[in-house]
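Dear colleague,

Please find below the structure that I am handing over to you, followed by an account of what was found in it.

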Amino acid sequence: MSVFTLAFPKINLSGIGAIEALTNRLETEHSNEPGLLICDPAMVELGFANKLLESSLNLTLFSDIRPNPDTNTVNQALDSFVTSQASYIIGLGGGSAIDTAKAIRILSANEGPISRFNGVDTVNKISVPLYAINTTAGTAAEVTSNAVITDTATQVKHVIISDKIIPDISVNDPSVMLGIPSDITAATGIDALTHAIEAYVSVGAHTLTDYASLESIRLIAQYLPAAVDNGEDIEARQMMAYGQFIAGLSFNSAGLGMVHAMAHPVGARKDLPHGVCNAILLPVVCEFNRPYRVEKFAKVAHVMGVDTSKMSEEEASLAAIEAIKALCKRVRIPKGFAELGVKESDILEWVSDAMNDPCAAGNPQPMTTQQVIQLYQQSL
Ligand SMILES: [Fe+2]
C-alpha cells in the first residue's frame, strides 16, 4: 500500500473579516519587520491593498501584476523584495499575484532564474514566510503547492509544484469578492469546478480528497449561477469561496489532469485567462475521460443536482457531462476558442507542451498526440 500525502497551509482564515484577522496576527508576529505586499493594480484601486498599507505593518508595495505572470514580472518583484529587505511576503489577489509571491519565496532562498524550478519537487529550501490572501473563487492558489509562470522568451508556462511554496497562512474573505465582474466570476468558478472534477477522477485521487471534491462540486453547481447573476449575493460568494478552497485542498494532493495540461499552452501562447481556457476544455476532456471513471462521473451528476435515482450508472455518468455543459452555458462561458480569435492552425504548437505538462500525469487515461489534437479541434 502506498502512502498518501495530504498537504495544505498551516492555518486558514475564512469568512468576512478574515483579512483584518490576518493583519492583526502579522502586526504581532512581525511588528516592525519589513514585508513585501504583491498584488495587481485593481487591488490598489479598490482599496484592499490600502487596508494593509494603512495598518502598522512595515510594507513595501509591488502592484505591477498582470494576468498570466511572466518571468519579467518575477524579476521586477524580486528587485522589490531585495531592495526592501523584506522578511516576509504577502500575496493579495488571484492566482497571478499569489503565484508571483510563491516565485519570490523560491528566489529568496535559491539562485534563479525561476525557470530552473519547473517541474515537481525541485525546490530544496525556502527562507521567508508567505501569506496568501485570495480574492477570487478561484484558482485556490492560496492553498496549493503550484505556481505557474510564463517564460517571457519562449511563451511556455513553467509549472512549479512543491510543498515548499504552500503559503503558511491562507485567507479567504468573501467580502473582497463582491465586486468581481460576472465574466470573471464565471471563468474562475468553472476553474474551481475543474479542480474538483479533475482531482476526483485523477489517478492520484484518494478517499481523503474525494470527500472534498464532491462537496466542492456540489457547492459550485449550486451557488455559481447566483454569484454570476448577482455579485453582491454574499451567501453565494461565501459558498463559492468555500467550494474553491476545498477544491484546492483536494487537487493539491490528488493532482489534476488534461484539462489543465491542455489549458496551460493556450493561455500562455494566446494570453487568454486561465479560467476561460479550462472552462472551454472541461466538457470536452470530461467526455473523453468518462468511460474510464463511469462510477465517479455518475456521482458527479448526483451532486450537481441531477435526479439519478432511475438511471443506470452509465446513464448517470452521461448526465454528468450534460450537467457540466449546462452549467458552463448558464454562466455564459464562450462556446469555443474560435470566439476568442484562435485558429485551427494554432493547435499544433500547443500539443507538445500539453503532453509534457506536469498535470497530464493525473489524467485517468493517458492521451495520444492524435487524441490531444482531436480534443483541441473539438474545443474550437
Ligand atoms: Fe486552475
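**Aromatic pairs**

Tyrosine 292 has a relative accessibility of 37% and therefore counts as partly exposed, since that class lies between the limits of 20% and 50%. Please bear in mind throughout that this is a predicted model. Phenylalanine 288, by contrast, is at 14% relative accessibility and so counts as buried. The count of aromatic pairs comes to 4. In one of them, the rings of phenylalanine 288 and tyrosine 292 have centres 6.0 Å apart and planes at 40 degrees, which makes the pair tilted.

The rings of phenylalanine 337 and tryptophan 350 also form a pair, with centres 6.2 Å apart. Their planes stand at 70 degrees, so this pair is edge-to-face. It links distant parts of the chain: phenylalanine 337 belongs to the loop between helix 12 (313–330) and helix 13 (348–356), while tryptophan 350 is in helix 13, 13 residues apart. Phenylalanine 337 counts as buried because its relative accessibility is 0%, and tryptophan 350, at 0% relative accessibility, counts as buried too. Ring pairs join Phe337 and Trp350 with Tyr376 in a cluster.

A further contact with a ring involves lysine 296, which lies over the face of tyrosine 200 at 4.5 Å from the ring centre.

**The iron site**

Which residues coordinate the iron ion? The donors are Asp191 through OD, and His195, His260 and His274 through NE2, at 2.2 to 2.3 Å. The angles that the 4 donor atoms subtend around the iron ion run from 85 to 170 degrees, and the arrangement is therefore irregular. A tetrahedral assignment would need all angles to lie between 85 and 135 degrees.

Along the sequence, the donor residues of the iron ion follow the spacing D-x3-H-x64-H-x13-H. Distant parts of the chain are linked here: aspartate 191 lies in helix 6 (residues 182–201) and histidine 274 in helix 10 (residues 274–289), 83 residues apart. Aspartate 191 has a relative accessible area of 1% and is therefore buried.

**The sheet and the loop beside it in sequence**

An open sheet of 3 strands shows mixed pairing, and its strand order is 5-8-7. Strand 5 (119–120) and strand 7 (146–150) are the edge strands, each pairing on one side only. The pairing of strand 5 with strand 8 (residues 157–161) is parallel and extends over 2 bridges. Within the sheet, glycine 119 stands opposite isoleucine 160 in strand 8.

The loop between strand 7 and strand 8 contains alanine 153. Is this residue buried or exposed? Alanine 153 has a relative accessible area of 72%, so it is exposed. From alanine 153 to proline 69 the C-alpha to C-alpha distance is 13 Å in space, and the two residues are 84 residues apart in sequence.

**Helix 5**

Helix 5 covers residues 95–107, a run of 13 residues. From its first C-alpha to its last the helix reaches 18 Å, close to the 18 Å expected at 1.5 Å a residue.

With kind regards

Methods:
Residues are numbered from 1 along each chain as its sequence is written. This is a predicted model: local features need pLDDT of at least 70, side-chain atom pairs count only at pLDDT 80 or more; totals for chains, interfaces and linings use all residues. Side-chain values use heavy atoms; hydrogens and water are left out. Donors are N, O and S atoms within 2.8 Å of the metal (3.2 Å for Na, K and Ca); water is not among the atoms, so sites may look incomplete. Four donors count as tetrahedral if all angles lie between 85 and 135 degrees; four count as square planar and six as octahedral if opposite donors are over 155 degrees apart and all others between 65 and 115; anything else is irregular. Helices (H or I, at least four residues) and strands (E, at least two) are DSSP runs, numbered from the N terminus. Buried means under 20% relative accessible area, exposed over 50%, partly exposed in between (1.4 Å probe, protein chains only). Rings of Phe, Tyr and Trp (its six-membered ring) pair if their centres lie within 6.5 Å; planes under 30 degrees apart count as stacked, over 60 as edge-to-face and the rest as tilted. A charge sits over a ring if NZ of Lys or CZ of Arg is within 6 Å of the ring centre and within 35 degrees of the ring normal. Two strands pair if DSSP finds at least two bridges between them. The expected span of a helix is 1.5 Å times one less than its number of residues.
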